Amino acid sequence: MKHLKDKIFQIQTAQDFNAVALEIFSFQYQNNPVYQKYCDLLNSSLTQVTEISQIPFLPIEFFKTHRIASVSGKEETLFHSSGTTGMTPSTHLIFDTALYEESILQAFQKVYGPPEDYCFIALIPAFAEKPSSSLAYMANFLIKRSAHPASGFYLGRESEISALAQSITDRKVFLWGLSFALADYAEQFPGCFSADIFMETGGMKGQRKEITREELHHLIKTGLGASSVHSEYSMCELLSQAWSVSEGLFNTPAWMKIMIRDPHDPLHLLGTDKMGGVNIIDLANIYTCSFIATQDLGILRNDGRFSISGRFDHSALRGCSLMLE
């Protein structure tokens, strides 16, 4: 087990990724009963999978209905997905919080450098209030790594933020918020805060009318004077994040890969520049399942970056779920 964990963050080439992904598939097939049964139903056993394009992707809905684990024993913590009232949340069992923190740190540093270079102003629910939120955990981890006295959670304390503008002179300012929170802040306090990086993540969470990412970024640019708006893409069921520095095009860390499936034939993978369902290989999910078919629609570019175009509607989701029946 430890040798696999060590290999994840040593990946440098596509060959490295493919080799580690096949090792982790073998480990999870043998030790995750839910995933094994799903693979068997698709006639995708160990002997039949010889390349990563043949690996089955577990529909993300299983995190709502089953215990997804490739190890026995008690988890260190767990994350729940945020959702609208009445929806069943996903549950991601976390057996190694240090692994999650290493994934956060290495992926962030590759794009932005050390978190100690920043003061994080987070318009995100505080970790103390939402301990089962993977986003709150990640923000809290980076805030603590920053160790700047002004780094912290400011959702519900937006009126305090503008006073910080003049006081933070020793660090770059990283204003990071849920989409609806940044949109609200841009409208309520236009021009009141200057940041080096404006970062949005998540959707409107039912707090505002859904708008496109382009409309959201225009609102933030207009209200807060941002020259560009960055984005973060992840979810409760993942231990890795993809980051976008412009135009909503996301880069993945070396241990994470996006593949696009045909929305009408979920077992068929599409090439680049075609819209379809987003499949994710996240090798940091070693203790649960690293191969996940999400509910998002996206496009993979030739350079490996990807964009998110929306989500499947209910009928399309049900079509995907028919594989389980």
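**Close-up views of a predicted model**

View 1. C289 counts as buried because its relative accessibility is 0%. C119 has 0% relative accessibility too, so C119 also counts as buried. Buried means under 20% relative accessible area, exposed means over 50%, and partly exposed is in between, using a 1.4 Å probe and protein chains only.

A word on the model: it is predicted, so local features need pLDDT of at least 70 and side-chain atom pairs count only at pLDDT 80 or more, while totals for chains, interfaces and linings use all residues. Residues are numbered from 1 along each chain as its sequence is written, and side-chain values use heavy atoms, with hydrogens and water left out.

**View 2. Helix α2 and what it packs against.** Helix α2 covers residues 14-31, 18 residues in total, and reaches 25 Å from its first C-alpha to its last. That's close to the 26 Å expected at 1.5 Å a residue, where the expected span is 1.5 Å times one less than the number of residues. Helices (H or I, at least four residues) and strands (E, at least two) are DSSP runs, numbered from the N terminus. The buried residues of α2 are F17, V20, A21, I24, F25, F27, Q28 and Y29. They pack against α1 (2-8), α3 (33-41), β10, β12 (275-282) and β13 (291-300).

View 3. Look for S45 between α3 and β1 (58-59). S45 counts as buried because its relative accessibility is 18%. Leaving aside neighbours within four places in sequence, S45 is in contact (heavy atoms within 4.5 Å) with Y29 and D40.

View 4. E237 sits in the loop between β8 (230-233) and β9 (242-244). E237 is buried, yet the nearest side chain of opposite charge, K64, is 7.0 Å away. A salt bridge needs a side-chain nitrogen of Lys or Arg within 4 Å of a carboxyl oxygen of Asp or Glu. For charge, Lys and Arg count as positive and Asp and Glu as negative; His and the chain ends are not counted. Contacts of E237 beyond four places in sequence include F63, H92 and N285.

**View 5. H264, out in the open.** H264 lies in the loop between β10 (256-262) and β11 (265-269). H264 counts as exposed because its relative accessibility is 75%.
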